[in-house]
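Here is a briefing on one protein model. It covers the sheet, the cores and the ring contacts.

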Amino acid sequence: MARLDLVEMAASFGNALGMIRLSDVLLLRVRYSETDQMGTFYNSRALEWFECGRTELMRRRLGMSYAELEARGAFLPLVEAHLEFQGGARYDDLLEIASTVEVSGRAKLRFEVQIKHRDSSKPVVRGYTVHAFTDRTGRPIRPPAWFIEMLAKAANAPVATQA
């Protein structure tokens, strides 16, 4: 299916692009400042790690940073978050942050995230965040056609591995 066809489908059917999913994996080492008195990561760090995964997914799979997205007039404020804490992570543990994004509804992106230990695959935290497309004033907008085109193109592109 041509990219233009996908753009037209999205305009006509609202959630037609919900079938397109992009994934990326980021490696992150737990820093000392992210741990608490019990020696494990402090719970609020999970949302920061979700952001790291989301940011790198956009940069590596879409070829666009958040700053570039915003410079083009599209913003993605967080409107919902859900986390399930499944295990601990200590200073210097190497974590794997697997993030997947898909269009949700007519004007939102949903990022699913699973964080686990790189070596043992033991789960640490999983969940999702939902982000609405807005303009500079915070008014909800539909995903811009250029964004949908980038998403469709990226979905057909091979996945790059982390160096």
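Strands (E, at least two residues) and helices (H or I, at least four) are DSSP runs, numbered from the N terminus. Two strands pair if DSSP finds at least two bridges between them. The model is predicted: local features need pLDDT of at least 70, side-chain atom pairs count only at pLDDT 80 or more, and totals for chains, interfaces and linings use all residues. Residues are numbered from 1 along each chain as its sequence is written, and side-chain values use heavy atoms, with hydrogens and water left out.

**Sheet**

- Five strands make an open sheet, in the order β1-β3-β4-β5-β2. The pairing is antiparallel.
- β1 and β2 (78-85) are the edge strands, and each pairs on one side only.
- From one strand to the next, the twist averages 15 degrees.
- β1 (residues 21-29) pairs with β3 over nine bridges. Leu27 has Glu96 of β3 as its bridge partner.
- β3 is joined to β4 (residues 108-117) by ten bridges. Here Ile97 stands opposite Ile115 of β4.
- β3 and β4 form a hairpin, with three residues between them. In the turn, Gly105 has a positive phi of about 70 degrees.
- Seven bridges link β2 and β5. His82 has Tyr128 of β5 as its bridge partner.
- Helix α2 packs on the sheet and touches β1, β2, β3, β4 and β5 (contact: heavy atoms within 4.5 Å). The direction of α2 makes about 125 degrees with that of β1. Axes are lines fitted to C-alpha atoms, for helices over the stretch in contact, and angles run from 0 to 180 degrees between N-to-C directions.

**Burial and cores**

- Eight of the eleven residues of β3 (residues 94-104) are buried, so this strand is largely enclosed by the rest of the structure. Buried means under 20% relative accessible area, exposed over 50%, and partly exposed in between (1.4 Å probe, protein chains only).
- A nonpolar core is a set of buried Ala, Val, Leu, Ile, Met, Phe, Trp, Tyr and Cys residues joined through side-chain atoms within 4.5 Å.
- The largest core has 21 residues. Leu22, Met58, Leu62, Leu69, Leu76, Leu109 and Phe133 touch the most other members.
- At least two residues of this core come from each of α2 (45-62), α3 (66-71), β3, β4 and α4 (145-155). α4 gives the most, with five residues.

**Rings and charges**

- Rings of Phe, Tyr and Trp (its six-membered ring) pair if their centres lie within 6.5 Å; planes under 30 degrees apart count as stacked, over 60 as edge-to-face and the rest as tilted. There are five aromatic pairs by this rule.
- Phe41 and Trp49 have ring centres 4.9 Å apart and planes at 40 degrees, so the pair is tilted. Both Phe41 and Trp49 are buried.
- Phe133 and Phe147 pair edge-to-face, at 5.1 Å centre to centre and 70 degrees between the planes. Phe133 lies in the loop between β5 (123-132) and α4, and Phe147 in helix α4, so the pair ties together parts that are 14 residues apart in sequence.
- Phe133 is buried at 0% relative accessibility, and Phe147 is buried at 1%.
- Ring pairs also link Phe41, Trp49 and Phe85 into a cluster.
- A charge sits over a ring if NZ of Lys or CZ of Arg is within 6 Å of the ring centre and within 35 degrees of the ring normal. Arg72 lies over Trp146, at 3.9 Å from the ring centre. Arg110 has its charged end over the ring of Tyr128, 3.6 Å from the centre.
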